[in-house]
Amino acid sequence: MAIRKSNRLPQTAVLKQILKRCSSLGKKQQHYDEQGLPLDVPKGHFVVYVGENRSRYIVPISFLTRPEFQSLLHQAEEEFGFDHDMGLTIPCEEVAFQSLTSMLR
């Protein structure tokens with residue numbers, strides 16, 4: 001009986017991928033500073049797109065350590081993967097996302 005090795009990256013590697021991808025999103029539509037960071041996203045935050053209309057939300061990086069938010073990230077990974085140019089898209093209705101993030105603040 002062979003043991004299958006998981007293709008999943010360690011959690012820290014996944015979080016680094018998310019942050020790297022989020023910091024480079026939408027460079028054509030937004031204004032960026034000399035370091036290439038979006039001017040409308042405060043330090044310590046990142047952008048996600050939520051819901052059917054892909055509404056843009058800016059959330060604190062601290063959410064990445066919360067189990068509730070990690071569950072959404074796992075769903076996003078399964079549904080969309082992290083290797084695309086659409087930005088970090090969360091498969092969740094906006095109302096549910098707003099409710100969750102208001103509880104996490």
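Reader: How many bridges join β1 to strand β2?
Author: This is a predicted model. Strands of a sheet pair through backbone hydrogen bonds, either parallel or antiparallel. Here β2 covers residues 55-60 and runs antiparallel to β1. The bridges joining β1 to β2 number six.

Reader: Which residue in β2 is the bridge partner of Val48?
Author: Take the bridges residue by residue. Val47 has Ile58 in β2 as its bridge partner. For Val48, the bridge partner in β2 is Tyr57.

Reader: Which residue in the turn of the hairpin has a positive phi?
Author: β1 and β2 form a hairpin, with four residues between them.

Reader: Which residue in β3 is the bridge partner of Tyr49?
Author: Strand β3 covers residues 89-90 and runs parallel to β1. Two bridges join them. The β3 partner of Tyr49 is Thr89.

Reader: What is the order of the strands in the open sheet?
Author: The sheet has three strands, with mixed pairing. β2 and β3 are the edge strands, since each pairs on one side only. The order is β2-β1-β3.

Reader: Which helix packs on the sheet?
Author: The helix covers residues 94-104 and touches β1, β2 and β3. Its direction makes about 15° with that of β2. It is helix α3.

Reader: Why is strand β1 largely enclosed by the rest of the structure?
Author: Buried means under 20% relative accessible area. β1 covers residues 45-50, six residues in total. It is largely enclosed because the number of its residues that are buried is five.

Reader: Is Leu73 buried or exposed?
Author: Leu73 lies in helix α2, residues 67-80. Its relative accessibility is 6%. Therefore Leu73 counts as buried.

Definitions and conventions:
Residues numbered from 1 in each chain as written. Predicted model: local features only at pLDDT ≥ 70, side-chain atom pairs only at ≥ 80, totals over all residues. Heavy atoms only, no water. Buried < 20%, exposed > 50% of the residue type's maximum accessible area, 1.4 Å probe, protein only. Pairing = 2+ DSSP bridges. Contact = heavy atoms within 4.5 Å. Axes fitted to C-alpha atoms, helices over the stretch in contact; angles between N-to-C directions.
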